[in-house]
Amino acid sequence: MRELMSGNEAIARGAWECGATFGAGYPGTPSTEILESFAQYKGVYAEWSPNEKVGLEVAIGAAFAGARAMAVMKHVGVNVAADPLFTVSYTGTNGALVIITADDPSLHSSQNEQDNRNYAKFAKIPMLEPADSQEAKDFVKLAFELSEKFDTPVFLRTTTRVSHSKSVVRIEPQAPLEDRTDIRHLPLKYVMVPINARARRVEVEKRTQALREWAETFPGNRVEMGSAEVGIITAGMPYNYAKDAFPDYSYLKLGLVNPLPERLIRDFSAKVKKIYVVEELDPFIEEQVRAMGIEVTGKAVFPYTNEFDPGVIEKGVTGKSSAPAVTLQAIPPRPPNLCPGCPHRGLFYALNKTKAFVSGDIGCYTLSYMKPLAGMDSCICMGASIGIAHGMSKALGPKAKGKVVGVIGDSTFIHSGIPPLLNAAYNRSDAVFIIADNRTTAMTGMQDHPATGYTLQGEKAKELDFAALGKALGVDSVEVIDPLQFKNTTEVLKRELQKDGPSLIISRSPCVLLMSKKAARAKHFVTDPDKCIGCKVCLSCGCPAISWKDFEKSGMPPRPERKKQKGIAVIDAALCTGCTLCAQLCRQEAITREDG
Amino acid sequence: MNNRVKSLLLAGVGGQGILLASDIICKVMMEKGCDVKKSEVHGMAQRGGCVTSHVRYGSKVFSPLARKGDVDMIVSFEKLEALRYLDYLKPGGLVIVNDEEIYPPSVNLGEADYPEGIFETLRARFGEQNVKVVAGPELAAKAGNRRAVNTVMLGTISRFIPEIAEADWKKVLASSLPEKIVEANLKAFDLGRAA
């Protein structure tokens, strides 16, 4: 049977078909749908772990027990999981362990563009890289087999285009399941004290040699001979771009990007006159092929940054583009924005007014750095907000008084905000820390976490209590606010900023998208054109439902009684969720709930 | 160059049902025995920002992304979004535009103007016959479901893909939607096809 599947859905399907029964990870674009989809299959265990390090450790435990397990994360998640990663490479796996890294060339939804193929080489772990959904399904199965065959964790690397494009996949039934789990005591293999780790270190090199040999005849490293003039060495999605642009060239399409098959590369290179290496991001293959003494063209003509498309390949090879030159007229950009009714809007509007330095974090709320909210000053990585705010306040000393805030989302706080908050309490920070608690992992599409009370597979769970946790960590001043109550939010912020020692504010209001699933919408708001004086205060909260209507441009008659007024604010009834924030900001009482 | 592969670029704003529409096109093509690939971006890119979906079909499709200057049909679910991707259109290609304005933040704030005369610009550039304007919201309302603008657009798209029979579109459409909205959507499809 043929089905249209995204790369992520195909990975979940492939894992299930080959008898994988265990998956753990943390949501992160573009990887999220892999575990979400896997969790739907019968007979599997799948969990959202608090972060990728925990997720990988959980999967290692399952693999030690003999299961076929996978840990799933986005590229930067591997940074978080790097500590266990490098050592599980030494211990091997007993069962099977597949680590899925979803990279994000072009930074569609990420803070950096790191190339995780480097992790494979660095941690000495084999890495498979599929080019479309069918290969994603085939390769994840192969990854589990390889893991068992060579007693090694195996990476499967996707990029955003592999994960999120859809293509045709052949569906197969699930292979017969065989329970191989058992407790096996193997301390020399699993207790990585120096004496044991030294011995395992040697095994890792032997394993890599064996994998190199295996790679020479692996059918996924495929030669497609065409014209002998040009040969292209490539892997993953860029293979498709190159084939689209130059179907007649010869190809060495690598399915395994670490370790590389040296003899195969030499044989292929000897058959063609000119060789290009086509790969996004780092010259990972190019540098290794060059080190074999083979002359290739790669980053000299193809960009280091951003994802490719067939046009990029064409331009790299021919030096020009076949696309007609078109000048686009300047049009207003359309950046992503906080949704109408988003509770973060109330919090960041109030934060902007404090003039404090707001150290932010990763989530929807990061969007509030943009004008007009302009409520955030830094964002580095998951969990960084709290440590940065603490460090800044210590370095500034008395100058920091009332001026340094760290803001972190609920899921992000659970991910990696707890040790930094403990640190801030332990080392007596003067900063204010805020958990922007919208009761879900919103940015990646509403995933549950330990404070929502549900698991990935929909089981009821114990709800983490942020206020109790804050107290237990040593923060004495803990307040819970509703960020859509503007006056109270402002007052609490002001009060906590003046206090000595760390404060924790839990800014709690559910994500508006979560609400729209559960409850009927509140009645929307309207502006009263007679009362609106055109002061634009409501517009300054940046709600997509409110827009400016200029008298002159819209052909509305100006106000003889208020000559300076240039227009009025209007509210789009279809977008307004009735959150009340703009009505609270309006000093003219010109914004009211629609009757009826 | 693989000239047998056809490319569509669907563009608009998050929440307009673009991804569902492109899914349906893919399924229709798959049923016809074509190879098909589509590509879009999720996550950060969705929160009210631009959304695009590339759909490519033919006997064998490699890239899920079309290159600039190689798209047969740009379908813009929002007026000004049509202007953003014109460099993707093939000479002689078709632009289908939904007659609906959704203001970007800078226009909402009164800092930028919503471009005027978009249809005229498009017609002057690509020729009257290559620009098709669809009154999406009006037709969706007429069909009895204001949210069915994407289905209206599918109806219009279907008219310009003559190799696929109307019944094949409707079969996939009906099987892709919850039963209670099928009827209104089939009507929206008809209205879009006749537009």
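Which residue of S5(A) stands opposite Val72(A)?

Reply: Val72(A) stands opposite Ile100(A) in S5(A). This is a predicted model, in which local features need pLDDT of at least 70 and side-chain atom pairs count only at pLDDT 80 or more, while totals for chains, interfaces and linings use all residues. Residues are numbered from 1 along each chain as its sequence is written, and chains are lettered from A and ligands numbered from 1 in the order in which they are written.

The two strands concerned are S4 (residues 68-74) and S5 (residues 96-103) of chain A, which run parallel and are joined by seven bridges. Strands here are DSSP E runs of at least two residues and helices are H or I runs of at least four, numbered from the N terminus; two strands pair if DSSP finds at least two bridges between them. S4(A) and S5(A) belong to an open sheet of seven strands with mixed pairing, in the order S3-S2-S4-S5-S7-S6-S12 of chain A. At its edges stand S3 (45-48) and S12 (256-258) of chain A, each with a single partner strand, so one side of each has no neighbour in the sheet.

Helix H3 (residues 52-64) of chain A packs on this sheet, where it touches S2 (22-25), S3, S4 and S5 of chain A, and its direction makes about 170° with that of S4(A). Helix H7 (residues 133-150) of chain A lies across S4, S5, S6 (127-128) and S7 (154-159) of chain A, running at about 140° to S5(A). Such angles are taken between N-to-C directions on a scale from 0 to 180 degrees, with axes fitted to C-alpha atoms, for helices over the stretch in contact.

By an automatic or database domain assignment, chain A is divided into domain 1 (2-214), domain 2 (222-318), domain 3 (344-518) and domain 4 (525-593). The C-alpha centres of domain 2 and domain 4 of chain A lie 57 Å apart.

Between the chains, the contact takes 47 residues from chain A and 44 residues from chain B. On the side of chain B that touches chain A, the elements giving two or more residues are H1 (18-31), S2 (35-40), H2 (81-84) and H3 (105-108) of chain B, and S2(B) gives the most, with six residues. S2(B) also pairs with strand S8 (residues 165-170) of chain A, in the antiparallel sense over three bridges, and there Lys38(B) is the bridge partner of Lys166(A).

Technical notes: Contact = placed C-beta atoms within 7 Å.
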